[in-house]
Structures are given as structure tokens and as C-alpha cells.
Amino acid sequence: MTSVSDPADFAEYEAQWARVRDSLRTEFGDAAFYSWLKPLALASVADGRVTIQVPTRFMRDWVVSHYADRIRVLWSWENPAVRRVDIAVAGVKPAAAEAPAQPAPRPAEVVDLPPVPMAAPAPMTSRSAVAVAPARAAAPRAATAAAPAIVIADGDTEAEAGSRAAERIDQWSAGLDPRFTFDNFVCGKPNELAHAAALRVAESETVQFNPLFLYGGVGLGKTHLMHAIAWHIRGRNPRRKVVYMSAEKFMYEFIRALRYKDTMAFKEQFRSVDVLMIDDVQFISGKDSTQEEFFHTFNALVDQNRQIVVSGDRSPSDLDGMEERLRSRLGWGMVADIHPTTYELRLGILQQKADQLGAVVPVKVLEFLAHKIASNVRELEGALNRVVAHATLVGRAITLETTQEVLQDLLRANERRLTIEDIQKRVAEHFNIRTSDMHSARRSRAIARPRQVAMYLAKQLTQSSLPEIGRKFGGRDHTTVMHAVKKVEELAAQDAGFSDDIELLRRMLES
């Protein structure tokens with residue numbers, strides 16, 4: 001086996017390697033170059049076999065997985081005599097390799113690297129490949145050169161090395177619930193925007209909006225939509241790396257990386273995914289170090305045009321304890337609100353859930369549950385599960401009476417106290433005015449009459465005193481409330497239509 005012992009010959013190979021790296025930089029961009037390609041160093045050349053060293057095993061795996069083919073092609077264009085390229089970790093001797101005498105690589109290229117953000121490399125586009133290939137193809141030697149094989153220093157196959165990072169990511173990613181798919185998601189007016197945005201992200205091969213931020217109260221379907229996105233993407237393209245985890249899990253893994261001094265691997269692995277999904281981002285509020293790492297991960301993925309999906313219980317601008325720069329970035333893309341469920345949506349969810357359980361549930365029972373349990377979908381489905389399970393285990397038919405008996409604790413917890421704010425909101429909606437008009441000084445009849453109705457209902461349906469009611473209506477005096485109550489009573493006695501409006505509002509508020 002011959003080796004390149006002449007420094008002048010080795011310098012020629014270094015010049016070729018420099019041109020290869022320049023081509024890689026042109027194709028993949030500066031961010032990927034400085035993160036993954038600049039640390040590569042030409043270590044040795046022997047009998048048509050080139051050894052390139054990398055600082056870490058993980059970096060070697062990533063280079064083999066994402067750049068091996070391109071390095072092989074570019075070397076063949078530069079020098080047909082190179083038949084094989086070894087990717088080796090510094091300090092690990094390549095298998096079956098001799099120790100040729102040649103100039104040692106410059107230490108600065110291998111070890112003494114300035115710290116740079118580890119951004120995931122952008123995939124090579126067809127346009128970038130075409131832009132470089134014609135210039136190299138002009139050389140006659142490129143037409144007949146056989147591309148050298150890429151091998152790995154310690155015996156792994158290329159496929160094994162390329163899958164190792166993916167396996168680590170899969171270990172970190174939380175399991176997906178098979179029940180949470182788009183097919184099982186009941187869409188209605190309160191969640192139609194969030195559903196449409198999630199479906200667009202799941203079906204698109206390119207990034208539509210980055211990030212997609214879903215927010216809403218507890219049990220309204222945020223997690224369901226995130227799982228549905230992941231299932232849909234995996235079904236369409238299993239090769240795409242999708243990571244779903246809670247913000248708490250992200251924080252735990254970051255703390256673990258700090259503890260074991262493995263932050264570089266943490267950065268590299270998270271920034272190598274195609275779709276990153278973080279649930280309940282509000283849990284990292286006040287966690288400055290975790291926010292800092294998530295901020296840089298966010299930027300790296302966006303720069304590489306990778307999709308990010310985030311959920312929270314509030315809109316980005318309302319996340320207390322979150323850094324301003326992170327709140328700003330979370331609000332960059334599409335922010336979709338999931339509103340509290342309506343009666344119709346709750347009834348639809350219950351009907352679908354009953355079908356999935358294979359249970360025959362009377363419509364009256366479903367209507368009763370949809371009417372009484374308005375807090376969140378999770379509690380609603382749990383109530384139906386309890387009713388069906390009781391009927392199955394005890395052998396009693398599902399009736400309205402048994403439902404009330406089984407769910408008496410849950411129903412009692414959902415009995416809420418009517419507030420003046422509830423009355424103001426309901427009356428404003430009924431008369432098509434703004435809730436803020438209830439507190440304003442405007443005296444036009446279109447505003448003053450609904451305000452008087454709201455004061456009347458507050459007196460009838462709450463335990464609040466007249467001064468308390470007045471304060472809730474823009475700091476008005478108790479005599480103003482007394483006048484409103486008297487006026488509404490007079491109008492109801494004179495106008496049957498007005499009286500019907502009052503009775504309708506009362507029933508809506510009491511139900």
C-alpha cells in the first residue's frame with residue numbers, strides 16, 4: 001500500500017479538498033457550512049483512499065447521513081484517482097488502515113474551532129445542484145470517474161450511522177395517542193380555524209407558516225390537533241423526522257444535557273428534525289436557561305425552513321414570564337385560537353364518542369350532558385365514559401335518572417355562580433352591542449336600554465347589592481340601578497315583545 005509522503009503531493013490533495021468544501025458551502029449555505037462542514041479536516045491520503053476527520057462521533061454520523069453522497073461526487077470530479085473516502089473521528093484509527101507518513105493536519109481545522117450555533121443543514125435543492133454540477137462536468141476526467149465509496153472508521157455501515165441520530169430523537173419524542181387523529185376530531189365554529197391551520201401544516205411538504213401556534217383553555221383540543229399533525233405527516237412521508245414533546249420534557253432533557261455536559265449533542269439532535277412540536281409552552285415561563293436554548297433552537301430550525309408547531313394556554317403576547325424576544329417569535333407565524341365549545345359542538349363530540357364506544361345512549365342523556373358540562377371536552381368525554389361503564393358493569397339501562405346519579409359529584413362541581421360579567425356579556429350579544437358599552441357614558445337608546453336590562457337581570461339573578469351592581473356598570477350610583485329596574489318592569493308590562501326578550505335572556509342565563 002502506497003501513501004502520499006511528499007508534502008507537495010499532500011498539499012495538492014488539500015487544495016482539492018478546499019475546492020470540494022467551497023462547493024459544499026455554495027450548495028448548502030454558510031449556516032450549514034460553519035456548523036457541519038468547516039470542522040472537517042483532511043487527515044491522510046493513501047493508495048487512492050482519503051481520510052477526513054471530524055471532532056465527534058455524532059458529527060461523523062450526521063456528515064455521513066447528510067453529506068456523504070455529495071462529498072463522494074465532488075471528489076470524483078476533482079480527482080478520479082480517489083476511489084474511497086473514510087470519515088473518521090479524531091483519535092480513532094480507521095479499520096484496516098496503515099499509518100502513512102504525511103504532513104499532519106493543522107490542529108486549528110480539527111480541534112480549535114470557535115463556538116458556533118449548531119444549525120441543522122438545509123437540504124440540497126435541485127437548483128443548487130444544477131448550479132454547481134455544470135462547471136465541474138466540463139472537465140473530461142469527470143465523465144469517466146467512479147465516485148469513491150464512503151466508509152466509516154469504526155465499522156458501522158452508512159445506514160447504521162445515519163439512523164443513530166434518528167433513534168436518539170425517537171427516544172426523546174413522546175408517544176402519540178392513536179385516538180388523536182384528524183378523523184376523530186369534531187370540528188365546529190370554535191375550533192375551525194385551528195383545525196384548518198393544523199391540516200394545512202400536516203398536508204404540506206413545505207412550510208406554510210412558522211410557527212403554528214395553537215392556544216386555548218384546558219381540554220379544548222390543542223394536544224389532539226398536535227398528535228393529529230404528527231400522525232398525518234408520518235402517514236404521508238415516514239422519512240420525515242417529527243418530534244412531539246411537552247415543554248416540560250424539553251426542559252428536562254436540557255437540564256440532563258447540562259448535568260452530563262452533553263449540551264452539544266442536545267443542540268445537534270434537536271436541530272436535525274424536520275418538524276418540532278412543543279406542547280404547553282407556558283411551562284417554561286420563568287425558566288430563563290430553557291427559554292434561551294429554545295430560542296436558539298427555534299431560530300436554527302426557522303433558518304433551515306423546518307416546521308415548528310407550538311401550543312399554549314394563552315396567546316404569545318399574554319405569556320407571562322416569557323422573554324419578549326421569544327414571545328415575538330412565537331407570534332411570527334399563524335396564531336390560532338381554540339374557543340370554548342358551544343352546545344352544538346359538545347353534542348357532536350358526545351355523539352361521536354358514543355359511536356366509538358359502541359354504546360346506545362339516549363339522545364336526552366347526550367343533550368343533558370352537553371348542556372350541563374361546558375367546562376372542557378376532556379371532562380365531557382370522561383363523563384360519558386363513566387355513564388357507559390356504569391351501565392355495562394351494573395347492568396342498568398342508561399337513563400337521565402341514572403346519569404344524574406352517577407355524575408352527581410361532577411354535576412355539582414359544574415354548577416357555577418352567575419356573575420354580573422356573565423349577564424353583561426349575554427345581554428350585549430343579544431342586543432348586538434359591545435360589552436364595553438355596559439360601562440360607557442353613552443346615553444343613546446340603543447345603548448342605554450340594553451344596559452338597563454342587564455342591571456335588571458343582575459338584580460334579579462345575583463345576590464349583589466345595588467351599589468355593587470352600579471360599580472360593575474362604570475361606577476354608577478345605586479339610584480341609577482333602581483331607576484333601571486323600575487323602567488324595565490314598566491316596559492315589560494306594556495310591551496309583550498320586550499317581555500319575551502327578558503324571559504328569553506333569563507332562561508339563557510339560568511340554564
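The second largest cavity holds about 30 Å³ of space. A cavity is a set of points, on a 1 Å grid over the protein atoms alone, where a 1.4 Å probe fits but cannot get out. Its volume is the space filled by probe spheres set on the points, which are joined across faces, edges and corners. The residues that line this second cavity are V387, H390, A391, R396, A397, I398, T402, T403 and V406; lining residues have an atom within 4 Å of a point. Helices (H or I, at least four residues) and strands (E, at least two) are DSSP runs, numbered from the N terminus.

The model is predicted: local features need pLDDT of at least 70, side-chain atom pairs count only at pLDDT 80 or more, and totals for chains, interfaces and linings use all residues. Residues are numbered from 1 along each chain as its sequence is written, and side-chain values use heavy atoms, with hydrogens and water left out.

Now turn to the largest cavity. Its volume is about 50 Å³. V201, S204, E205, T206, V207, I233, R240, V275 and Q307 line it. A search of the whole structure finds two cavities of 30 Å³ or more.

Next, the packed side chains. In soluble globular proteins, nonpolar side chains tend to be buried together. The largest nonpolar core here has 30 residues. Such a core is a set of buried Ala, Val, Leu, Ile, Met, Phe, Trp, Tyr and Cys residues joined through side-chain atoms within 4.5 Å. Buried means under 20% relative accessible area, exposed over 50%, partly exposed in between (1.4 Å probe, protein chains only). L37, L40, I52, Y67, I71 and W75 have the most contacts inside this core. Helix 1 (7-37), strand 1 (41-46), strand 2 (49-54), helix 2 (57-78) and strand 3 (84-89) each give two or more residues to it. A second, separate core has 26 residues, including I433, V481, L491 and I502.

Step back to the whole chain. It has 22 helices and nine strands. Of its 511 residues, 48% are buried.

Finally, look at the backbone. Most residues other than glycine have a negative phi, and most peptide bonds are trans. N305 has a positive phi of about 60°. N305 lies in the loop between helix 11 (288-303) and strand 8 (307-312). N432 also has a positive phi of about 60°, and is exposed because its relative accessibility is 72%. A cis peptide bond joins N210 and P211.

Notes. 1 Å grid on protein atoms, 1.4 Å probe; cavity = no way out; pocket = protein on both sides within 12 Å on 5 of 7 lines; lining within 4 Å.
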